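Visitor: I'd like to go through this model piece by piece. Let's start with strand pairing and move on from there.

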Amino acid sequence: MAMKIDISFLQSKVAHRVFFLFVCCALIPIGLLAYVSFTQVTNQLTLQGQKRLQQATKAVGMSILERLLFIQAEMNLIGSNRELQPPATVQAISLGKDDPSQTRLDALAFLRKAGPPAALIGQVTNAPSLTEAQSKALHAGQTVILTDHETGRAPEVFMLSPRGVGDTMEGVLVGKINTAYLFGIGSTNMLPPMTELLVLDGETVLINSLPEEPIPLSKTGAGKNHLSRRHFQWQGTDQTYLTSFWTIFLGSRFMAPSWTVILSQSKANILAPIAKFNRVFPLVVLLSLWIVLLLSAVQIRRSLYPLKKLKEGTSSIAAGDFSTRVEIGTGDEFQTLAESFNTMSGRLAKQFNALTTISEIDRAVLTALDKEKIIDTVLTRIQDVVDCHIVGIALADQKSQNRLRLRVGDPESGKKISQRVGLTPRDVAQLRDN
């Protein structure tokens, strides 16, 4: 059986104003609370996602630097051998054949200062030329990193390690680094879950796991527009990405431009924990609004229903029905007001009846010629005017001032008694004086 709510009380203007006030007082705080809560939760999750992404970016950058240092140490170990030949030991160290997924060098060659080059592992091709500063660094015994950005081919990374210093330098070990191992992608994926990697050498892309997405590189500081913050947000083809970047400084150790490591994660993945919250929260807000409307209707009805009853009682009195009683059992001021109203209507009914009776008596006295009929009318109707049990009328005897003829009537039994009463001189004096 469906519950039916009486909304007839909403027909008055006062009810409209009070109901509108109740609803506004509920809707505005709930709406603001819902907006602030949803905004705060979304912003907090976004901020936490940016912090996690920034930490992950730094971890990936440090991991790349660690791999470069490991390859450098390995090449220094190979260069320390007296005879540089391609024995199995060299191949095992550089290629990691025991674990192909950990292959560090695709190729390794020794370029002698005097004499033909020796291919230790594979074939080193497309090795870029050195700048004057890099050449001086090699002669000073410093390891150098070069990148080949030739159009049409995937960028290649080379590491050059000198054997000897200055005039005693015998040559340079040139290693072609396995970029899949260096950047931790492919079968050796070391990236955090649901993230995409982009590594820049200056403004040139070394590796990009999202080649179809045009990442705004100017925001990373790789171009002229450098940002103090290390994270930003950008719109991709299908979704919005949160991006963080970290710079690997290679100038002091490897005499190379700095690399910029960029990690991107879709905002939808970052906000995935509030997906259920997004579904439940609007329902909770809607339920809260319905509860507020229901409670508002109940409370307004509780407040305005007594007013409606009092209005009906007032209208009845205005129409001449003084028998109307307003029954309100709320136990508050409305009940007190209803009791006062009932008392007032009772007194008005009594006074109105008294006036009506007096008018009828006056009309009977003025229109009747029979003295006995006038006396009977007064004895019969006077109780409606005066609250009494017995009514009597004393008529003066025209023949004797000391005698009265008393007529007494009992309204309850309808009996009338007539007798003569004698007066003393004192009684006559009191009657005359009063």
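Visitor: Which residue stands opposite valine 205 in β7?
Guide: Leucine 200 stands opposite that valine. Before going further, note that this is a predicted model, in which local features need pLDDT of at least 70 and side-chain atom pairs count only at pLDDT 80 or more, while totals for chains, interfaces and linings use all residues. Residues are numbered from 1 along each chain as its sequence is written, and side-chain values use heavy atoms, with hydrogens and water left out.

Visitor: How many bridges join β6 to β7?
Guide: Four bridges join strand β6 (residues 196-201) to strand β7 (residues 204-208), and the two run antiparallel. Strands pair here if DSSP finds at least two bridges between them, and the elements themselves are DSSP runs numbered from the N terminus, with helices being H or I of at least four residues and strands E of at least two.

Visitor: And what do β6 and β7 form?
Guide: They form a hairpin with two residues between them, and glycine 202 in that turn has a positive phi of about 70°.

Visitor: Which non-glycine residues have a positive phi?
Guide: Methionine 194, with phi near 60°, is one of them, and methionine 255, at about 50°, is another. As background, most residues other than glycine have a negative phi.

Visitor: Where is methionine 194, and is it buried or exposed?
Guide: Methionine 194 is placed in the loop between α4 and β6, and it counts as exposed because its relative accessibility is 54%. The classes are buried for under 20% relative accessible area, exposed for over 50% and partly exposed in between, with a 1.4 Å probe and protein chains only. Methionine 255, by contrast, sits in the loop between α5 (251-254) and β10, and with a relative accessible area of 31% it is partly exposed.

Visitor: How many residues of β10 are buried?
Guide: Eight of its eight residues are buried, so β10 is largely enclosed by the rest of the structure. Both faces are covered, with Trp259, Val261, Leu263 and Gln265 buried on one side and Thr260, Ile262, Ser264 and Ser266 buried on the other.

Visitor: Which strands run antiparallel to β10?
Guide: β6 is joined to β10 by six bridges, with leucine 197 opposite leucine 263, and strand β9 (residues 240-248) is joined to β10 by eight bridges, with threonine 247 opposite threonine 260. Both of these pairings run antiparallel.

Visitor: What does leucine 197 touch?
Guide: Not counting residues up to four places away in sequence, leucine 197 touches Val60, Phe183, Ile185, Leu191, Ile207, Asn208, Ser209, Val261, Ile262 and Leu263, where contact means heavy atoms within 4.5 Å.

Visitor: Which residues touch the most other members of the largest nonpolar core?
Guide: Of its 39 residues, those are Ile64, Leu68, Phe183, Leu197 and Trp259. The largest share of this core, nine residues, comes from helix α1 (residues 13-79). Another core, of nine residues, lies apart from it and includes Leu138, Val144, Leu146 and Val172. A nonpolar core is a set of buried Ala, Val, Leu, Ile, Met, Phe, Trp, Tyr and Cys residues joined through side-chain atoms within 4.5 Å.

Visitor: Switching to rings, how many aromatic pairs are there?
Guide: The count comes to one aromatic pair. The rings of phenylalanine 183 and tryptophan 259 have centres 6.0 Å apart and planes at 50°, so the pair is tilted; the rule is that rings of Phe, Tyr and Trp (its six-membered ring) pair with centres within 6.5 Å, and planes under 30 degrees apart are stacked, over 60 edge-to-face and the rest tilted. This pair links distant parts of the chain, since phenylalanine 183 in helix α4 (residues 179-183) and tryptophan 259 in strand β10 (residues 259-266) are 76 residues apart. Phenylalanine 183 is buried, with a relative accessible area of 1%, and tryptophan 259 also counts as buried at 1%.

Visitor: Which arginine lies over the face of tyrosine 181?
Guide: That is arginine 67, at 5.7 Å from the ring centre, and arginine 163 lies over the face of phenylalanine 110, at 5.9 Å. A charge sits over a ring if NZ of Lys or CZ of Arg is within 6 Å of the ring centre and within 35 degrees of the ring normal.
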